[in-house]
Amino acid sequence: MELYSDDYFMNEALKEARKAFDADEVPVGAVIVADNKIIARAHNYTERLNDVTAHAEMQAITSAANAIGGKYLNDCTLYVTLEPCLMCAGALHWSHITKIVFGASDEKKGYSKINQSVLHPKTVIVKGILENECSTILKDFFLSKRKT
C-alpha cells in the first residue's frame, strides 16, 4: 500500500472503527489529514456520551479545528468509513473541508440519499475506498446485536 494514499488513510479510519466496535459503539471511524499528516482521529461516541451528535465526523471536526487553531478545515481531507449523514454533512459544509473520502455508502441515512447539495460546492467527494472492509465491520456489528 502506497504511503499517504487514500487506502492508507482509510485503513487508519478503520482502526478507529474497530475501537468503536470494541466499545460497543456503531463502528464508524474517521481521520482528518492535512499535508499528509493525520491531525485528528475519532470514532463514534454516541453511547458513551449519551449524545446523538457524537458521530465520528463531528468528533474529528472538533479535534482537527483544535489542532489547527481555527474553525475552517481548508486544505484538509476527511477519511470516514461510512458515508456522512445529513447532520455531519452540514457540519462538514460549514467547516469548508476540501475533500471527503468515504468507504461504505449509507443507503438509509447517507447525505446523498437525502440532499446531495448539502456539502460545500467546492468539496471533492471520493467514495468506495476499502468499501468491503468498511461495510463488513458494520454488518458484523449489527449481526452481533441481532444475536443477543
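User: Before we start, what does "buried" mean, and how does it differ from "exposed" or "partly exposed"?

Analyst: Buried means under 20% relative accessible area, exposed means over 50%, and partly exposed is in between (1.4 Å probe, protein chains only). Take F9: at 2% relative accessibility, F9 counts as buried. Keep in mind that this is a predicted model, where local features need pLDDT of at least 70 and side-chain atom pairs count only at pLDDT 80 or more, while totals for chains, interfaces and linings use all residues. Residues are numbered from 1 along each chain as its sequence is written, and side-chain values use heavy atoms, with hydrogens and water left out.

User: How do I read ring pairs, and how many aromatic pairs are there?

Analyst: Rings of Phe, Tyr and Trp (its six-membered ring) pair if their centres lie within 6.5 Å; planes under 30 degrees apart are stacked, over 60 edge-to-face, and the rest tilted. The count here comes to 6 aromatic pairs. One of them is Y4 with F9: the centres are 6.2 Å apart and the planes sit at 25 degrees, so that pair is stacked. Y8 and F9 are edge-to-face, with 5.0 Å centre to centre and 80 degrees between the planes. Ring pairs join Y4, Y8, F9 and Y79 into a cluster.

User: Are Y4 and Y8 buried or partly exposed?

Analyst: Y4 is partly exposed at 42% relative accessibility, and Y8 is partly exposed at 25%.

User: What should helix α1 span, and how far apart are its ends?

Analyst: Helices (H or I, at least four residues) and strands (E, at least two) are DSSP runs, numbered from the N terminus. The expected span of a helix is 1.5 Å times one less than its number of residues. Helix α1 (residues 6–22) has 17 residues, so the span should be 24 Å, and its end C-alpha atoms are 24 Å apart, which agrees. The buried residues of α1 include F9, M10 and L14. Just after α1, D24 takes a positive phi of about 65 degrees.

User: Last one: how many disulfides are there?

Analyst: A disulfide is a pair of cysteine sulfur atoms within 2.5 Å. By that rule, the count is 0. C76 is in no disulfide, since the nearest cysteine sulfur, that of C88, is 17 Å away. C88 is in none either: the nearest cysteine sulfur, that of C85, is 3.7 Å away. C76 counts as buried at 2% relative accessibility, and C88 is buried with a relative accessible area of 0%.
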